Amino acid sequence: QVQLVESGGGLVQAGGSLRLSCVASGRTFSRYAMGWFRQAPGKVRESVAAISWGGGTTDYADSVKGRGTISRDNTKNTVYLQIDSLKPEDTAVYYCAASSSIATLRTGYWGQGTQVTVSS
């Protein structure tokens with residue numbers, strides 16, 4: 001079992017930056033691929049970024065490519081997501097996920113989410 005707790009959300013002006021954190025507890029963090037998803041009101045949950053267990057592979061949604069950076073610190077059991085040049089359309093609840101591989105993140109463990117609101 002893995003427990004995930006996100007933090008770092010809030011209200012940000014368009015053009016600003018935000019760094020989200022997700023702390024994991026439970027089984028060995030370094031064995032899990034990690035990812036960030038988001039869900040805006042009335043929309044399906046979408047993948048934002050993912051990172052392999054060792055950090056060597058990352059993947060980004062087109063909507064955040066060039067603006068988003070996912071990283072992890074296995075010594076702190078933490079995965080981060082930084083998004084720069086924020087847009088109002090980045091407004092959503094952001095969720096952290098963990099699984100044995102990037103491909104299976106949607107069926108893995110989930111956090112409770114953190115709200116990000118970008119004002120224009």
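How many bridges join β3 to β8, and in which direction do these strands run relative to each other? Six bridges join them, and the two strands run antiparallel. Strands here are DSSP runs of E with at least two residues, numbered from the N terminus, and two strands count as paired if DSSP finds at least two bridges between them.

Before I continue, a word on the basis. This is a predicted model, in which local features need pLDDT of at least 70 and side-chain atom pairs count only at pLDDT 80 or more, while totals for chains, interfaces and linings use all residues. Residues are numbered from 1 along each chain as its sequence is written, and side-chain values use heavy atoms, with hydrogens and water left out.

Let me place that strand pair in its sheet. The sheet is open, has four strands in the order β1-β3-β8-β7, and is paired antiparallel. Its edges are β1 and β7 (68-73), each of which pairs on one side only. On average, neighbouring strands are turned by 15° against each other, direction ignored; the axes are lines fitted to C-alpha atoms, with angles running from 0 to 180 degrees between N-to-C directions. Within the sheet, Val 23 stands opposite Thr 78 of β8.

Contact means heavy atoms within 4.5 Å. Not counting residues up to four places away in sequence, Ser 21 touches Val 5, Glu 6, Ser 7, Trp 36, Thr 78, Val 79 and Tyr 80. Ser 21 counts as buried because its relative accessibility is 15%, where buried means under 20% relative accessible area, exposed over 50% and partly exposed in between, for a 1.4 Å probe and protein chains only.

I turn to the disulfide. A search of the whole structure finds one, the criterion being a pair of cysteine sulfur atoms within 2.5 Å. Cys 22 and Cys 96 form it, with their sulfur atoms 2.1 Å apart. The link joins distant parts of the chain, Cys 22 in β3 and Cys 96 in β9, 74 residues apart. With -80° about the S-S bond, it is left-handed. Cys 22 has a relative accessible area of 0% and is therefore buried; Cys 96, also at 0%, is buried too.

Next, the nonpolar core, defined as a set of buried Ala, Val, Leu, Ile, Met, Phe, Trp, Tyr and Cys residues joined through side-chain atoms within 4.5 Å. The largest has 27 residues, and those touching the most other members are Leu 4, Met 34, Trp 36, Ile 70, Val 79, Leu 81 and Tyr 94. Strands that each supply at least two of its residues include β1 (2-7), β3 (18-26) and β8 (78-83). Contacts of Ile 70 include Met 34, Trp 36, Val 79 and Leu 81.

Which residues are linked in a network of salt bridges? They are Arg 38, Glu 46, Arg 67 and Asp 90. A salt bridge here is a side-chain nitrogen of Lys or Arg within 4 Å of a carboxyl oxygen of Asp or Glu. Arg 38 meets Glu 46 at 2.6 Å, N to O. Asp 90 and Arg 67 form another, with their closest N and O atoms 2.8 Å apart, and both residues are buried. By contrast, Asp 62 and Lys 65, which pair at 3.3 Å, are both exposed.

Finally, one backbone detail. Asn 77, in the loop between β7 and β8, has a positive phi of about 55° although it is not a glycine. Most residues other than glycine have a negative phi.
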